[in-house]
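Subject: Structure for your review

Dear colleague,

Please find below the structure that I am handing over to you. My notes on what was found in it follow directly after.

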Amino acid sequence: MDIKNKLISAAGSLFYRHGFNATGMDRLTQAAGMSSRTLYKHAGSKTALIVRVLEERDQRFFAQLEEQSIKGLFDALDNWLREEGCLGCLFLRAYGETGGDNPEIAAVIRAHKEKTWQTIRRLVAGEIGHEDDRLAEQILILFEGATAAAIYRGVSTVAAARDTAAMLLAGAKA
């Protein structure tokens with residue numbers, strides 16, 4: 001693993017586990033096993049590192065979405081939470097900690113959430129044969145809600161959300 005990937009991996013783990021504000025550069029250098037000079041050389045700044053961690057997380061999540069169905073979307077979320085843990089959406093946590101005031105971080109968050117929205121819209125249209133933004137919004141809420149509820153209810157929340165989405169889709173097809 002090269003230095004930049006090692007740094008992103010270490011930062012991603014720390015940010016997810018402890019939060020962005022609580023994770024200082026000293027903790028990052030220790031976890032990545034590098035000097036602060038090396039860290040700054042490869043990260044630039046904490047903001048740049050947060051942006052890169054979020055971009056990498058976005059790429060990894062969407063890379064696993066090979067299924068072309070709403071069920072596949074929830075299956076991917078189920079797998080993701082089992083592998084990554086149930087500590088909530090890192091993008092929403094970043095927004096919560098920064099208040100959306102950092103333009104670089106806010107742009108990455110908006111891009112990820114827009115990609116999620118467009119994916120759900122596309123999958124809904126593919127399953128029912130036409131666009132239905134109201135139904136897509138309901139499924140988005142189920143998706144985001146399952147992610148949030150998994151923090152205190154566990155990954156089983158995804159199955160409940162997936163089943164509810166299937167009922168909504170069946171009703172839209174009827």
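**Overall architecture**

The chain contains 9 helices and 0 strands, where helices are DSSP runs of H or I with at least four residues, strands are runs of E with at least two, and both are numbered from the N terminus. Read from the N terminus, the order of elements is α-α-α-α-α-α-α-α-α.

Please note that this is a predicted model, in which local features need pLDDT of at least 70 and side-chain atom pairs count only at pLDDT 80 or more, while totals for chains, interfaces and linings use all residues. Residues are numbered from 1 along each chain as its sequence is written, and side-chain values use heavy atoms, with hydrogens and water left out.

The C-alpha trace spans about 60 × 30 × 30 Å along its principal axes. Of the 174 residues, 44% count as buried; buried means under 20% relative accessible area, exposed means over 50%, and partly exposed lies in between (1.4 Å probe, protein chains only). The accessible surface of the chain is about 9200 Å², and 51% of that surface belongs to carbon and sulfur atoms. These areas come from the Shrake-Rupley method with a 1.4 Å probe, and for residues only the protein chains shown count as cover.

Contacts (heavy atoms within 4.5 Å) were also counted. Among those between residues at least 6 apart in sequence, 65% join residues at least 24 apart.

**The largest pocket**

Grid points are joined across faces, edges and corners, and a volume is the space filled by probe spheres set on the points.

The largest pocket holds about 200 Å³ of space. Its lining is formed by Ile 8, Ser 9, Gly 12, Ser 13, Tyr 16, Val 53, Glu 56, Arg 57, Arg 60 and Glu 84. Helix H1 (3-18) and helix H4 (46-63) each supply at least two of the lining residues, and H1 gives the most, with 5 residues. By class, this lining has 3 nonpolar, 3 polar and 4 charged residues. In this classification Ala, Val, Leu, Ile, Met, Phe, Trp, Tyr, Cys and Pro are nonpolar, Asp, Glu, Lys and Arg are charged, and the others, Gly among them, are polar.

**Salt bridges**

A salt bridge is a side-chain nitrogen of Lys or Arg within 4 Å of a carboxyl oxygen of Asp or Glu. By this rule the count comes to 11 salt bridges.

One of them joins Arg 60 and Glu 56, at 2.6 Å from N to O. Both residues lie in helix H4, 4 residues apart, about one turn of the helix. Arg 60 is partly exposed at 32% relative accessible area, as is Glu 56 at 21%.

Arg 60 also meets Glu 84 in a salt bridge, at 2.7 Å from N to O. This pair links distant parts of the chain, with Glu 84 in helix H5 (residues 70-84) and Arg 60 in helix H4, 24 residues apart. Glu 84 is partly exposed, at 24% relative accessibility. Through salt bridges that share partners, Glu 56, Arg 57, Arg 60 and Glu 84 are joined into one network. The residues Glu 56, Arg 57, Arg 60 and Glu 84 are also among those that line the largest pocket.

Elsewhere in helix H4, Glu 55 and Arg 52 are 3 residues apart, or about one helical turn. Glu 55 forms a salt bridge with Arg 52, with the closest N and O atoms 3.9 Å apart. Glu 55 is partly exposed at 32% relative accessible area, and Arg 52 is partly exposed at 28%.

**The cavity**

A search of the whole structure finds 1 cavity of 30 Å³ or more. The volume of the largest cavity is about 180 Å³. It is lined by 17 residues, of which Phe 61, Trp 80, Cys 89, His 112 and Thr 147 lie nearest its centre. Two or more lining residues come from each of H4, H5, helix H6 (90-98), helix H7 (103-128) and helix H8 (133-153). The lining divides into 9 nonpolar, 5 polar and 3 charged residues.

Yours sincerely

How values were computed:
1 Å grid on protein atoms, 1.4 Å probe; cavity = no way out; pocket = protein on both sides within 12 Å on 5 of 7 lines; lining within 4 Å.
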